[in-house]
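Subject: Handover of a structure and the findings from it

Dear colleague,

Please find the structure below, together with its sequence.

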Amino acid sequence: KIFDKVRKEKQFMKLHNITKIYHNKYNIIEALSEITLEFKLCGLISILGPSGSGKTTLLNIISGKDKNYTGEITGNNNIEIIEQQFMLFESLSVFDNLTLVASTNKVIQILKEFKMLDYKDKIVKQLSNGQKKRVQIMRSLLVEPDILLCDEPTAALDYEDSQFVLEMLSVISQKKCVIMVTHEVAIAEMYSTRIIKIDKGKIQVDKIIKE
C-alpha cells in the first residue's frame, strides 16, 4: 500500500532551542521560546494550545515555510503540509489533480484506499468539503513525505468526514510521522500517540499517550 514505505535511512527530526520573535510598531513579541523537540519517523503527534499560543508558527517552522528564527533543526526529512485551505485545482478532475504529482497506477491505488475511485472523474469544485480533504491528503501522500503536517485537518468537516480523515491519519502514522495541529482535545486524546501542549510560545506538556 501507499503507506507501507518507511525510509529507514532518514534521521529523526530534532528541533533545538527554536525561538521566533515578531517585531511590530510598539513592541517585541516572542511567539516561540527555546522550543526543543524530537520527532520519530512514525506516530501521530497532536499539538494543542489556545489561539495565539504558537501552534501554527511552530508548524510553519517545521515545514520550512518560515526560516526567520533562531535555533537549529536537524534531520534530512521530506516534509509535506496539509493546509486548512484545500489548495486544489478546482476546475480539474480528482484524477487530474492527483496525476500532476504521481503515476496513474499510484493514483488508482490510493483512490481505492481512500474510497474515492468512483469520484476520480468528478470536477473538484463539485465535491463536498470532506471529499476535497481526502483529495488533499492523497495528493500530499503521493509525493511520499517522511513527515506529514496537518493544520486543523477536521476544520469545516462534518462528523462522518472528520472520523474518516482521522482514521486515515492514524493508519498513515503507523509508517510516517504525522504532526497535527488541533484545538480539539477529545480528538487528540483519542487518536494521538503523543500530545504536545503549547501556550505563550512554550511547551507546557509533552506526553506519550500510546506507543
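How does Gly75 count: as buried, partly exposed or exposed? Please bear in mind that this is a predicted model. Gly75 has a relative accessibility of 30%. Buried means under 20% and exposed means over 50%, with partly exposed in between, so Gly75 counts as partly exposed. Gly75 is placed in the loop that lies between S4 and strand S5 (79-82). Its C-alpha atom is separated by 5.7 Å from that of Phe12, although the two residues are 63 residues apart along the chain.

The open sheet

Strand S4 also belongs to an open sheet of three strands, whose order is S2-S1-S4 and whose pairing is antiparallel. Strand S2 (28-39) and strand S4 (70-74) are the edge strands, each of which pairs on one side only. From one strand to the next, the twist averages 20°. Strand S1 (residues 13-23) runs antiparallel to S2, and eight bridges join the two. Within this pair, Lys20 stands opposite Leu32 in S2.

Strands S3, S8 and S9

A further set of pairings involves strand S8 (residues 194-199). Strand S3 (residues 43-48) runs parallel to S8 and is joined to it by four bridges. Here Ile47 has Ile196 of S8 opposite it. S8 is also joined to strand S9 (residues 202-208), this time by six bridges and in an antiparallel manner. Arg194 stands opposite Ile208 in S9. S8 and S9 form a hairpin that has two residues between the strands. In the turn, Lys200 has a positive phi of about 55°.

The helix contacts

The crossing in which H4 passes H5 is right-handed. On the H4 side, Gly130, Lys133, Arg134, Ile137 and Leu141 take part; they meet Asp161, Phe164, Val165, Leu169 and Ile172 in H5. By class, this contact of H4 with H5 has six nonpolar, one polar and three charged residues.

The crossing of H3 and H4 is right-handed. H3 contributes Lys106, Val107, Ile110 and Leu111 to the contact, while H4 contributes Met138, Leu141 and Leu142. By class, the contact of H3 with H4 has six nonpolar residues, no polar residues and one charged residue.

Is Ser173 buried or exposed? Ser173 has a relative accessible area of 6%; the limit for buried is under 20%, so Ser173 is buried. Ser173 is placed in the loop between H5 and strand S7 (177-181). Leaving aside its neighbours within four places in sequence, Ser173 is in contact with Cys42, Gly43, Leu44 and Val178.

With kind regards,

A colleague

Key. Residues are numbered from 1 along each chain as its sequence is written. This is a predicted model: local features need pLDDT of at least 70, side-chain atom pairs count only at pLDDT 80 or more; totals for chains, interfaces and linings use all residues. Side-chain values use heavy atoms; hydrogens and water are left out. Two strands pair if DSSP finds at least two bridges between them. Axes are lines fitted to C-alpha atoms, for helices over the stretch in contact, and angles run from 0 to 180 degrees between N-to-C directions. A crossing is left-handed if the near helix is turned anticlockwise from the far one by less than a right angle, and right-handed if clockwise. Contact means heavy atoms within 4.5 Å. Ala, Val, Leu, Ile, Met, Phe, Trp, Tyr, Cys and Pro count as nonpolar, Asp, Glu, Lys and Arg as charged, and the others, Gly among them, as polar. Buried means under 20% relative accessible area, exposed over 50%, partly exposed in between (1.4 Å probe, protein chains only).
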